[in-house]
Amino acid sequence: MSRPDMIKDYQGLAGWSDVGAPVVKSGQLIETNAGWRTLRPVINAEKCVFCLQCYLLCPDGTLVKDSGKLEVDYDYCKGCGICARECGFGAITMEPEED
Amino acid sequence: MSNMTILNARNITNEELFFGHKACAGCGGSLAVRLAMKVIGRRSYVVVPANCMSAVGFMYPAMSFGVSGLCCPFASTAAVLSGITQAARQLGEEDYYVVGFAGDGGTADIGLQALSGAVDRNDRIIYICYDNEAYMNTGVQESGLSPYGTKTTTSPEGAKKHGANPIKKNMFEIVAAHNIGYAATASVGYPQDYINKVARAKAHPGASYIHVMAPCPTGWGAETDVTTQLAREAVDCGLWYLAEYENGEFRLNKNPKEFKPVKDYLTGQGRFRRMREQDFKIVEEQRDAMWAKIRKNWQTA
């Protein structure tokens with residue numbers, strides 16, 4: 001995996017004796033950031049030439065290139081819009097989140 | 001440089017080692033950290049002093065760094081980096097990197113003496129200063145790297161005076177004056193240039209320093225989607241420069257023939273909203289003086 005998995009229903013610590021100090025495992029995530037978003041980036045696969053400018057410039061690393069095709073990780077995208085602004089081919093549009 | 005593969009978006013790893021953090025949407029600092037971590041990789045220790053990245057990356061019980069990391073006192077970033085380097089060496093570790101991410105205040109004001117000491121000892125550390133030109137984490141206060149006219153809570157706008165007064169401290173040359181092995185300036189608006197500078201810092205056997213311009217949409221009063229564009233404009237209008245210092249020589253990586261107007265860059269941001277024509281003139285004069293010096297003394301591209 002190229003990015004950490006979220007721990008679903010994190011139970012918290014059994015007690016302070018478990019840790020002794022506020023220490024956690026690297027890359028431990030317990031919630032998503034999807035709720036921050038008011039606009040969502042949508043990739044038009046026909047216009048995308050896979051130049052990966054958006055991939056480099058995403059502050060959250062939510063553009064995924066693992067499969068050889070560009071995808072958005074909507075669990076962690078905050079909808080800042082940098083990808084859409086920087087895309088030289090107009091392949092990414094920001095669309096309002098529904099509900 | 002010739003024997004190193006040039007990194008680009010295609011050959012950089014898919015692995016995200018700074019992921020799921022709680023930075024504001026469009027944060028330039030988190031982009032700088034994310035890209036640097038991709039280059040430095042898993043075999044590393046991260047040190048973050050009091051700044052946004054420690055607030056958004058270490059949200060107990062979440063931990064956004066995919067490597068070992070710790071938060072250290074504000075003034076001690078470089079000292080802690082030195083300590084970790086020594087400790088890892090004593091444990092017989094090889095092939096590890098120690099990297100610190102401090103903000104502009106944590107580098108140029110509060111952490112300056114620790115950085116100076118670590119560079120003087122030439123410990124094998126990578127020190128990355130992400131410069132958003134004020135103390136953003138505590139709610140935008142003026143720092144030593146705030147440029148002329150910046151509106152912050154400690155340099156407010158008013159009838160007689162508005163914004164920060166001094167010129168930006170020249171942190172890059174301060175570090176270079178220590179005769180450091182490798183130092184560079186970069187910008188998140190030029191990500192490829194930045195990641196390759198991080199790769200060079202990684203390969204350097206002694207202390208290395210990178211000063212990366214990372215706009216903050218919250219503190220700069222800009223939309224979240226213009227972060228990288230602002231970073232690029234700052235370079236294009238001559239208010240920031242891409243340069244390296246190695247073997248006692250300064251080298252300019254990008255020498256713009258013509259500068260874009262500073263007015264377009266400044267008026268795009270809420271923090272310079274009170275600036276008038278005479279202020280733009282002062283900024284331009286400062287810029288021209290700086291570039292005259294650079295072009296006279298540095299190797300240019």
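# Exercises on a two-chain model

In chain A, 63% of the contacts between residues at least 6 apart in sequence join residues at least 24 apart; a contact means heavy atoms within 4.5 Å. This is a predicted model, in which local features need pLDDT of at least 70 and side-chain atom pairs count only at pLDDT 80 or more, while totals for chains, interfaces and linings use all residues. Residues are numbered from 1 along each chain as its sequence is written, chains are lettered from A and ligands numbered from 1 in the order in which they are written, and side-chain values use heavy atoms, with hydrogens and water left out.

## Exercise 1: the two chains

Step 1. Count the elements, where helices (H or I, at least four residues) and strands (E, at least two) are DSSP runs numbered from the N terminus.

Step 2. For the 99 residues of chain A, a compact globule would give a value near 13 Å, but chain A has 17 Å. For the 301 residues of chain B, the rule gives a value near 19 Å, and the 18 Å of chain B agrees with it.

Step 3. The C-alpha trace of chain A spans about 55 × 30 × 20 Å, and the C-alpha atoms of chain B fill a box of roughly 60 × 45 × 40 Å.

Step 4. Apply the burial classes: buried is under 20% relative accessible area, exposed is over 50%, and partly exposed is in between (1.4 Å probe, protein chains only). Buried residues make up 37% of chain A and 58% of chain B.

Step 5. Turn to sequence separation in chain B. Among its contacts between residues at least 6 apart in sequence, 71% join residues at least 24 apart.

## Exercise 2: a cysteine of chain A

Where does A:C80 lie, and which residues does A:C80 touch?

Step 1. A:C80 sits in the loop between β3 (71-72) and α2 (82-86) of chain A.

Step 2. Its relative accessible area is 12%, so A:C80 counts as buried.

Step 3. Leaving out residues up to four places away in sequence, A:C80 touches A:P59 and, from the other chain, B:A25, B:G26, B:T224 and B:D225.

Step 4. A:V23 is 57 residues from A:C80 along the chain, and their C-alpha atoms are separated by 31 Å.

## Exercise 3: helix α9 of chain B

Which residues of α9(B) are buried, and what do they pack against?

Step 1. Helix α9 of chain B covers residues 227-236; seven of its 10 residues are buried, so the helix is largely enclosed by the rest of the structure.

Step 2. The buried residues are B:T227, B:T228, B:L230, B:A231, B:A234, B:V235 and B:D236.

Step 3. In chain A, they pack against α1 (53-57) and α2. In chain B, their partners are α1 (28-40), β5 (182-187), α8 (217-220) and α10.

Step 4. After α9(B) comes B:G238, with a positive phi near 85°.

## Exercise 4: backbone angles

Where are A:D9 and B:E133, and is each buried or exposed?

Step 1. A:D9 is not a glycine, yet its phi is positive, about 35°. A:D9 belongs to the segment before β1 (39-43) of chain A and is exposed, at 64% relative accessible area.

Step 2. B:E133, also a residue other than glycine, has a positive phi near 65°. B:E133 lies in the loop between β4 (126-131) and α6 of chain B and is buried, at 4% relative accessibility.

Step 3. B:P61 is in the loop between α2 (52-57) and β2 (68-71) of chain B.

## Exercise 5: the largest pocket

Which residues lie nearest the centre of the largest pocket, and what classes make up its lining?

Step 1. On a 1 Å grid over the protein atoms alone, a pocket is an open set of points where a 1.4 Å probe fits, with protein on both sides within 12 Å along at least five of seven lines; lining residues have an atom within 4 Å of a point.

Step 2. The lining has 30 residues, with B:I167, B:K168, B:L239, B:Q286 and B:M290 nearest the centre.

Step 3. Helix α11(B) gives the largest share of the lining, seven residues.

Step 4. Ala, Val, Leu, Ile, Met, Phe, Trp, Tyr, Cys and Pro count as nonpolar, Asp, Glu, Lys and Arg as charged, and the others, Gly among them, as polar. The lining then has 19 nonpolar, four polar and seven charged residues.

Definitions and conventions: The radius of gyration is taken over C-alpha atoms; the globule rule is 2.2 Å times the number of residues to the power 0.38.
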